[in-house]
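Please examine the structure shown below.

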Amino acid sequence: PPGFVESSCRSRIFWMKLNKLLLQGKFFQLEIKDPYAGPVLLDDKLASRCGYVLSEDVWGNPVFRASVLGCHVTNEADELFSLTVNIKVSSFSSMRAAVTYTYPMYCSYSSWASREIVCEENYMEVSVKTDVPAVSNDYTVAWMSALPETQNVAYQLWQLMFVSPSGRKRITVSDAAKLGYSFNNTLSRVYLRAPYHSNESDVSVVSGVNMNMVTSTSMYRQRWLLLLIDTTVSCPVDGVSFTDTMLIWTVPSIIPTLVVQESTFLSKNILMGVDDRVIVNLQEKNYLLEYNETHIRITVPIGAEGGKLKSSISGGVYGVIYSIDLFLEHTWTDADWQTTKYTVIKSITTPFMPQIPTVINNTLPEERLFNVAFGHFLPDVFLVAIAIGNVPFTLREAQHHGFKIYETPFSNRTKGFILEVSFDDPYVLKEYVNRNETKYTLLINYTISVGPEMTLYYHSAEVECVIADIELPEAVGYCDDANLYLAIPTFGLHQYWNLYLRNKLLNRHVALTNGYLAATNSTHLILQIPLFAVGVIYEEVAFQKIKARFDIALRKVRTMETLQMLSVSCRFNSSAFIICHPDGTVMISAQMKTIPAIDMSKTKLRDSSCKPREYNDRHAFFKFHVTTCGTSVRFEGDHIIYENEISYEKETLPGQSTPTITRDPDYRLTVLCYYQARETLVLGAFASDPSTSPPFGSGTMVPRSNIAVYRRIRQALNVVSRVSKNESFLEFYEPNMAILKRPMEPVFLEVELKDERPDTELYLENCWVTRSLDLNSTPRWNITVDG
């Protein structure tokens with residue numbers, strides 16, 4: 001078929017290349033057409049003995065090379081050469097029903113050097129002119145040691161003598177052929193072809209390069225003639241090294257076994273080539289050819305033109321291998337051989353070079369679109385499947401779902417694969433983070449087909465993008481005469497955030513328990529908080545005036561982190577109220593409705609020294625602590641009740657006789673503050689500002705007559721607690737000072753009852769510390785348990 005076969009003749013070697021594209025799915029064999037015996041099937045043993053090579057170039061095309069001195073080559077006067085090859089192609093491995101293509105090749109070569117050496121992949125070949133003088137003037141030549149053996153040379157029969165570390169061996173040409181050698185002569189030349197590493201060969205190191213050498217002398221005797229020909233051949237078997245970016249091929253400049261008189265050695269020409277083509281402009285290809293007295297060094301950048309990078313998988317790791325077919329032709333002269341042409345053909349492949357694929361995140365946050373590039377790969381790599389969030393997709397399924405997948409070229413003749421996925425795709429993981437940000441995570445698992453073997457390779461990647469796309473709710477607050485109101489957007493509530501009243505989740509039950517009213521519409525939660533409900537903070541309290549604030553904490557659902565406080569603050573005019581602060585401060589605005597009216601300046605608490613701070617004709621404002629002004633205390637269930645009384649001192653008018661006449665009514669107002677016992681126990685240990693702390697207690701005012709009600713007066717206890725700096729209890733920390741203690745470090749706590757009554761005793765039950773003033777907060781650490 002057209003384009004199936006290409007052929008050339010280079011440096012007396014037939015080159016033939018078959019197009020692999022026309023052999024896909026096919027099997028082929030080569031037969032060498034012998035002019036006398038017919039077709040001969042090419043195999044490895046025949047190839048090395050007869051001067052043939054069957055291999056592949058770096059692109060995978062079958063390559064056949066043959067020496068013009070090969071076994072089945074037709075030779076016309078050592079100038080015109082022809083070889084016919086049968087190419088058998090079949091769809092079956094048994095080669096039945098094969099189609100045979102006969103392909104003749106021709107080569108013209110007349111510029112023979114006195115000695116020509118070819119170092120092929122599977123054989124070494126040396127050919128010399130037969131008119132070369134048989135004996136050198138230099139009697140140190142190694143092959144001259146064969147002279148004593150000449151008396152034993154058979155008459156009119158070529159024989160070979162090999163010199164190796166095991167000694168001398170003289171055999172006939174037919175016996176040499178059985179050992180894999182090929183020896184013959186043409187009209188003007190004698191040649192020897194030898195396999196590498198035969199029993200008669202030796203390995204020597206020349207300028208750091210291992211050389212395989214066969215030292216031989218060819219001998220022929222007639223009645224009047226004894227012909228001795230040096231057919232020694234030596235070829236490099238290594239000399240290749242690699243760096244991360246270069247491959248380096250080194251060949252010795254002078255090979256002592258081939259150049260006896262090194263002083264007469266003169267290098268004439270050095271050529272290098274790729275495949276069957278000589279490279280004329282080395283700089284254009286980025287090749288480097290260096291020569292000195294000991295080495296010829298060829299340096300080729302890995303990936304350079306002329307070679308091929310191939311993808312591969314090794315141990316589950318993706319990488320590349322670079323291959324290139326080089327040849328070196330060195331021509332030199334010396335006193336013994338006049339001109340020698342030395343040709344080395346070398347197919348070089350680098351070791352496996354891992355190339356970890358990279359994932360390039362080109363995500364476009366403003367478009368809410370993941371854009372992920374996956375590369376860099378050679379053209380022999382193909383994306384075959386993808387998994388998003390552990391859900392597998394074929395490429396067609398992925399495109400149908402809405403993912404965009406396409407190839408893109410990169411530099412250095414590589415390529416990559418682009419994947420585009422919307423942030424809003426259901427397979428993208430979404431996590432609320434920080435204050436108002438969402439973290440979008442794309443989990444990808446690529447499946448790619450690598451190389452002509454189509455080996456599957458898997459690579460996983462994780463791409464994240466955090467964007468501020470959540471709007472924190474902003475509450476709207478307002479008030480009426482007796483209530484505070486908060487209108488809170490419901491978007492995101494219970495999905496991202498929860499509302500907390502101090503450390504309690506603000507749900508419907510908590511709202512009802514605290515006396516709040518909650519209503520919702522399509523967009524907002526509207527919370528109504530009575531002025532004197534639990535949780536209201538009284539920032540300023542004065543005579544008939546209150547500045548109140550209500551706070552709700554907006555916290556993350558998962559981490560409980562407080563993001564912001566939603567607050568409403570208003571000023572109220574209130575004629576009568578009682579406010580019990582957590583530190584025991586009590587504020588009262590009392591209204592006395594008596595007939596006739598009394599002088600409010602003369603009202604007092606149980607302790608007559610506790611007078612109103614402000615007053616008018618019908619109202620009085622008191623502020624005191626539960627440990628002062630004659631306040632009594634009693635326990636009822638889990639509550640402590642502090643009680644005091646506002647009364648009026650009657651003025652007694654002197655009369656003419658008994659009874660005493662008064663003009664003022666007898667009026668008393670009982671004041672009660674209720675605290676939960678476990679919250680009240682800390683009152684002596686913390687000093688807090690009542691203007692910023694939420695009230696723990698609730699209070700009531702009960703007006704009553706001192707005649708109708710029997711009152712039991714109970715003195716409030718005076719308890720003081722302090723933390724000592726050490727066990728001496730001589731130095732104490734200042735109030736409100738933060739104290740840092742390591743775990744398991746003792747705390748020296750002193751609790752003192754300042755009461756002189758003999759019937760009063762102090763029992764210390766449980767003491768603990770928390771991170772805040774809220775006794776319900778966690779974590780908490782016990783100091784004492786059960787006293």
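## The second largest pocket

In this predicted model, the second largest pocket holds about 1200 Å³ of space. Its lining is made up of 44 residues, and those closest to the centre of the pocket are Lys308, Leu309, Lys310, Ile321 and Leu378. By type, the lining residues comprise 18 nonpolar, 16 polar and 10 charged.

Which strands supply at least two residues of this lining? They are strand 26 (308-314), strand 27 (317-334), strand 28 (338-349) and strand 31 (369-377). Strand 27 gives the most, with 6 residues.

## The nonpolar cores

The largest nonpolar core has 85 residues, and Tyr342, Phe370 and Leu419 have the most contacts inside it. Strand 27 gives the most to this core, with 7 residues.

When its neighbours within four places in sequence are left aside, Phe370 is in contact with several residues, among them Leu419, Val421, Phe423, Tyr440 and Cys465. The list also includes Thr363, Glu420 and Glu464.

## Serine 234

Serine 234 belongs to strand 19 (residues 233-236). Is this residue buried or exposed? Serine 234 counts as buried because its relative accessible area is 1%, and the cut-off for buried is under 20%.

Leaving aside neighbours within four places in sequence, serine 234 is in contact with Cys119, Met211, Asn212, Met213, Ile255, Thr257, Leu258 and Tyr342. Tyr342 is also one of the residues with the most contacts inside the largest nonpolar core.

Methods
Residues numbered from 1 in each chain as written. Predicted model: local features only at pLDDT ≥ 70, side-chain atom pairs only at ≥ 80, totals over all residues. Heavy atoms only, no water. 1 Å grid on protein atoms, 1.4 Å probe; cavity = no way out; pocket = protein on both sides within 12 Å on 5 of 7 lines; lining within 4 Å. Points joined across faces, edges and corners; volume = space filled by probe spheres on them. Helix = DSSP H or I, 4+ residues; strand = E, 2+ residues; numbered from the N terminus. Nonpolar A, V, L, I, M, F, W, Y, C, P; charged D, E, K, R; others polar. Core = buried A, V, L, I, M, F, W, Y, C linked by side-chain atoms within 4.5 Å. Buried < 20%, exposed > 50% of the residue type's maximum accessible area, 1.4 Å probe, protein only. Contact = heavy atoms within 4.5 Å.
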